[in-house]
Amino acid sequence: MTMHRRQTPREFPPARRPLFAPLLLLASVVTLPARAADAPQPGNVAGPWSDYLQAGRFHVFSDSRIDREAPVWTELETLPQRVEETLGLSRQTTTFRVYLLRSRSEFQSAVARRFPDGIDRRALYIAEGDRHEIFVYRHLEFVTDLRHEAVHAILHAALPYLPLWLDEGLAAYFEIPPGQPASAHPYRRRLRWDWLLLRRRPDLRRLEGIDDPMALSAADYRECWGWTFWLLGRTETRKLLQEYLQAIAAGDPPGRFSDRLGAHVADPTAAMMQTVKSPPSPSPRRRLWRIRLPFPSRR
Ligand SMILES: [Zn+2]
């Protein structure tokens with residue numbers, strides 16, 4: 001059984017509505033109302049499940065009314081394709097069950113029945129055989145938690161194995177909703193503080209040596225994101241990462257990714273730090289604002 005969990009507390013601002021939410025709402029045909037005849041059964045997870053919604057490959061069971069207008073469901077529907085295309089993975093059809101609980105106490109009750117050791121977590125992904133289950137509960141940041149756990153599910157459905165640093169790095173990378181740059185992740189700012197104040201230096205080989213999620217510190221999670229953010233932001237390193245994942249998918253012994261990286265990039269640590277430290281590229285809205293700056297009349 002593979003288990004992933006979110007730590008508590010976690011640093012992330014409340015989820016923001018994507019700018020293109022109205023467009024997505026028009027296309028929200030993926031959110032189907034529950035019908036006893038076609039709704040799948042919620043596995044062996046006891047309810048009461050009073051609402052159900054399908055968002056692509058995700059079957060969502062909730063103990064409270066689901067807001068079908070919320071952009072998150074369209075996001076969730078498109079997330080598998082986003083992840084698979086970004087990483088060069090073949091398209092999958094595996095489905096996932098999401099259990100959305102109304103409160104932390106309900107979450108703990110549901111998780112305790114399924115995985116007693118998981119009740120201290122803020123969200124949980126459990127993979128057992130062909131069954132992929134995500135537990136989340138409603139709070140200000142639950143959409144971020146849902147994205148994170150959904151990415152774990154998508155990855156583990158496509159790959160027989162994934163190094164922990166990359167598993168967590170990718171889950172954090174896709175926490176940012178579509179339409180926002182990856183550089184908008186709050187880990188970026190925190191990483192710079194880690195390096196400046198705590199004198200931490202990124203070390204991919206050290207991260208590769210950690211295979212127990214409980215051994216990953218909050219700063220380690222940020223570093224996992226930093227490596228992933230840097231790797232996916234450059235054509236050459238993105239290709240290296242895709243080839244690494246293809247080797248894993250094919251069942252070939254992939255070795256350490258750092259060995260492959262070292263053969264192509266002279267000083268990956270310096271390059272990664274430089275990218276994370278550089279100012280984020282301006283958003284389209286900001287660029288417009290800048291273009292308009294010289295024109296307003298001055299007093
Ligand atoms: Zn995770």
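How many residues does H4 have, and how far does H4 reach from its first C-alpha to its last? I looked this up first in what is a predicted model. H4 counts 17 residues and spans 24 Å between its end C-alpha atoms, close to the 24 Å expected at 1.5 Å a residue.

Entry: I next checked the burial of H4. Of its 17 residues, 14 are buried, so H4 is largely enclosed by the rest of the structure. I then turned to the largest nonpolar core, which holds 63 residues. Val98, Ile134, Phe135 and Ala150 have the most contacts inside this core. Helix H4 (residues 142-158) gives the most to the core, with eight residues. I noted that at least three residues of this core come from each of domain 1 (1-158) and domain 2 (162-281).

**Entry: Val98.** I listed the contacts of Val98, leaving out residues up to four places away in sequence. They are Phe58, His59, Val60, Phe61, Ile134 and Val136.

**Entry: strand S7 and its partners.** I examined whether S7 is covered or open. S7 is mostly covered, with six of its seven residues buried. Strand S5 (residues 96-101) pairs with S7 in the parallel sense over five bridges. Within that pairing I found Arg97 bridged to Glu133 in S7. Strand S6 (residues 124-128) is joined to strand S7 (residues 131-137) by five bridges, and these two strands run antiparallel. Here Glu128 stands opposite Arg131 in S7. The hairpin of S6 and S7 has two residues between the strands, and I recorded a positive phi near 60° for Gly129 in it.

Entry: Which way do strands S3 and S4 run, parallel or antiparallel? I found strand S3 (residues 51-55) and strand S4 (residues 58-62) antiparallel, with five bridges joining them. Tyr52 has Phe61 as its bridge partner in S4. Phe61 is also one of the residues that Val98 touches. The hairpin of S3 and S4 has two residues between its strands, and Gly56 takes a positive phi near 60° there.

**Entry: Arg199.** I looked up the backbone of Arg199, which has a positive phi of about 55° although it is not a glycine. Arg199 lies in the loop between helix H6 (187-197) and helix H7 (204-208). Is Arg199 buried or exposed? I counted Arg199 as exposed because it has 7 C-beta neighbours inside 10 Å, and a residue is exposed at 12 or fewer.

**Entry: Met272.** I located Met272 in helix H11 (residues 268-277). For Met272 and Gly226 I noted a C-alpha to C-alpha distance of 7.2 Å, at a separation of 46 residues in sequence.

**Entry: the whole protein.** I recorded 12 helices and seven strands in the protein. Buried residues make up 34% of its 299 residues. Of the contacts with a separation of 6 or more, 69% join residues 24 or more positions apart.

**Entry: confidence.** I closed with the pLDDT values. The protein averages 82, and 77% of the residues score at least 70.

How values were computed: Residues are numbered from 1 along each chain as its sequence is written. This is a predicted model: local features need pLDDT of at least 70, side-chain atom pairs count only at pLDDT 80 or more; totals for chains, interfaces and linings use all residues. Helices (H or I, at least four residues) and strands (E, at least two) are DSSP runs, numbered from the N terminus. A nonpolar core is a set of buried Ala, Val, Leu, Ile, Met, Phe, Trp, Tyr and Cys residues joined through C-beta atoms within 7 Å. A residue is buried if 20 or more other C-beta atoms lie within 10 Å of its own, exposed if 12 or fewer, and partly exposed in between; C-beta atoms are placed from the backbone. Domain bounds come from an automatic or database domain assignment. Two residues are in contact if their C-beta atoms, placed from the backbone, lie within 7 Å. Two strands pair if DSSP finds at least two bridges between them. The expected span of a helix is 1.5 Å times one less than its number of residues. pLDDT is the predictor's confidence in each residue, from 0 to 100.
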